[in-house]
Amino acid sequence: MSWGTELWDQFDNLEKHTQWGIDILEKYIKFVKERTEIELNYAKQLRNLSKKYQPKKNSKEEEEYKYTACKAFLSTLNEMNDYAGQHEVISENMTSQITVDLMRYVQELKQERKSNFHDGRKAQQHIETCWKQLESSKRRFERDCKEADRAQQYFEKMDADINVTKADVEKARQQAQIRHQMAEDSKADYSSTLQRFNQEQWEYYHTHIPNIFQKIQEMEERRIVRIGESMKTYAEVDRQVIPIIGKCLDGIVKAAESINQKNDSQLVVEAYKSGFEPPGDIEFEDYTQPMKRTVSDNSLSSAKEGKPELKFGGKSRGKLWPFIKKNKLSLKLGATPEDFSNLPPEQRRKKLQQKVDDLNKEIQKETDQRDAITKMKDVYLKNPQMGDPASLDHKLTEVTQNIEKLRLETQKFEAWLAEVEGRLPARSEQARRQSGMYDGQTHQAVTNCAQDRESPDGSYTEEQSQERELKVLATDFDDEFDDEEPLPAIGTCKALYTFEGQNEGTISVIEGEMLSVIEEDKGDGWTRIRRSEDEEGYVPTSYVEVYLDKNAKGAKTYI
């Protein structure tokens, strides 16, 4: 089957068909281009989605990713990022292996098609010229024959006419002979032209056109094969990334299987465990017998029941505890104690341990920097042309000072950590005074916030009206405190934890110490105790175990 023999008379239709084939190829190129754009946009959206849900650095979200479920979600985000990368690979490969290649091939195809049809038109023009020559020779032969026939008829007429002279007859005879010769010449030319045309026409339809159409057929078949190969490449580009996409999906499944609900539950315990013991049974209080319990005028409960308005002009027997003033102000301002003493023991230990670890990392970083500067200085000493060793002295001194400061900070936090873990006794007043040399600027803030804390369980709250009352001068409270009569002991207590009471109205206790109870907890989280006749104050109820002398057969613990 050959277009040259089967379609010898379909030149115009073949020209339209080959143009349609090129249009189809260009349409397929456009399709692949749009597919690559879709893949790029999809990959971009996947990356943006993954980035959107990534935890922000140095934020609370980072702490949440210690749970296995959150870790699995983070792994899913990372796998989706890799998944997006594979779609970018698809786009890149389709562009390089299909789009660019086909666009170049289309240009070559257009040039080849143009050349083939140019040769076809040239052959058509040649055969048309031959045909015109044949027609011209034929018409000339016909005309000469008619002229010769008329000349012969005229001669015969003249010859038959007796009135015509012999000279006229001879002239007519010569004219007829000339016309006959011209007709013979035209006949010979027409015959020669006809033979030549037939030869050209045979070559046109049996040689030139078949060859040209054969080239066009081969060109069109190559186009069809090429578009088929491109479609295979299209599928292979997708197939090549399937294993990697499968690994991404396997990674997501593996991350999901790594979720451990028991481990997450344990992490919740570690994150929020206070270290306190649960409260004991509440004692039955027999109201059939008269209660001989002294109620302090300075208790917070009486302050809540009837709040006297405090005035700055003179003394008023206010019902707020003197030591609450600085504590509540510091907590309302959002200050955090440096030693984390506002936290329960277990949480405080974790925070201190984390702080010690961070400081050790900082020390290591500064130490590495000092070693690097020292090595650079040695190099400068050996090779002065590379730099001035003295230029590094200031930086070396600065780094050394930073290391010393960090070490002092570490010792301070390690001391607090050891105190919490029970390796060291509570710090004495002298130790507290010495801690000022670690950070003189922040010691005041630590004093105001770290030690003046609420009860560990956060049970103590203050109303806004009471906060305004805190503006009253501390001297008013001190005078009221001094004027009170010593309260009788209503029981004893044992310190469960060390508490450093550095503020007005509080008292320091050491773990295991036995003291007298002179006023029990009124619901505000504080118990009033006495060590000696001249030393008494408040401690958090959750830090002591109280034994009442009356209506209490066993221990009564407030937590």
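This text walks through the structure shown above, from overall confidence down to single pairs of side chains.

The model is predicted, so local features need pLDDT of at least 70, side-chain atom pairs count only at pLDDT 80 or more, and totals for chains, interfaces and linings use all residues. Residues are numbered from 1 along each chain as its sequence is written, and side-chain values use heavy atoms, with hydrogens and water left out.

Start with confidence. pLDDT is the predictor's confidence in each residue, from 0 to 100. The mean pLDDT of the protein is 78. A value of 70 or more is reached by 78% of the residues. Among the elements, helix α2 (residues 11-52) has the highest mean pLDDT, at 94. Helix α12 (residues 443-449) has the lowest, at 36. Over residues 423-483 the pLDDT is below 50. Beyond near neighbours in sequence, this stretch still has 130 contacts in the model. A contact means heavy atoms within 4.5 Å. Residues 552-559 also stay under 50. Where pLDDT is low, the predicted coordinates should not be read in detail.

Next comes the overall build. The protein has 14 helices and 6 strands. Both are DSSP runs, numbered from the N terminus: helices are H or I with at least four residues, strands are E with at least two. Take the contacts between residues at least 6 apart in sequence: 74% of them join residues at least 24 apart. Of the 559 residues, 37% count as buried. Buried means under 20% relative accessible area, exposed means over 50%, and partly exposed lies in between (1.4 Å probe, protein chains only).

Now follow helix α2. Tyr28 and Phe31 sit 3 residues apart in this helix, so about one helical turn separates them. Their rings form a tilted aromatic pair, 5.9 Å centre to centre with 35° between the planes. Rings of Phe, Tyr and Trp (its six-membered ring) pair if their centres lie within 6.5 Å; planes under 30 degrees apart are stacked, over 60 edge-to-face, and the rest tilted. Tyr28 counts as buried because its relative accessibility is 9%. Phe31, at 41%, is partly exposed.

Glu26 is in helix α2 as well. Side chains of opposite charge can pair when their charged atoms come close. Glu26 forms a salt bridge with Lys110, with the closest N and O atoms 2.8 Å apart. A salt bridge is a side-chain nitrogen of Lys or Arg within 4 Å of a carboxyl oxygen of Asp or Glu. Lys110 lies in helix α4 (residues 68-160), 84 residues away, and the pair links distant parts of the chain. Both partners are partly exposed: Glu26 at 31% and Lys110 at 33%.

Other aromatic rings also pair. The count comes to 13 aromatic pairs. Trp8 and Tyr205 have ring centres 5.1 Å apart and planes at 90°, so this pair is edge-to-face. Trp8 is in the loop between α1 (3-6) and α2, while Tyr205 is in helix α5 (residues 166-257), 197 residues apart. Elsewhere, ring pairs link Tyr497, Phe499, Trp526 and Tyr543 into a cluster.

Finally, return to charge. The structure holds 23 salt bridges. One of them joins Glu170 and Arg173, at 2.0 Å from N to O. These two are 3 residues apart in helix α5, so about one helical turn separates them. Another salt bridge joins Arg531 and Glu535, with the closest N and O atoms 2.7 Å apart. Salt bridges that share partners also join Glu519, Arg528, Arg530 and Glu536 into one network.
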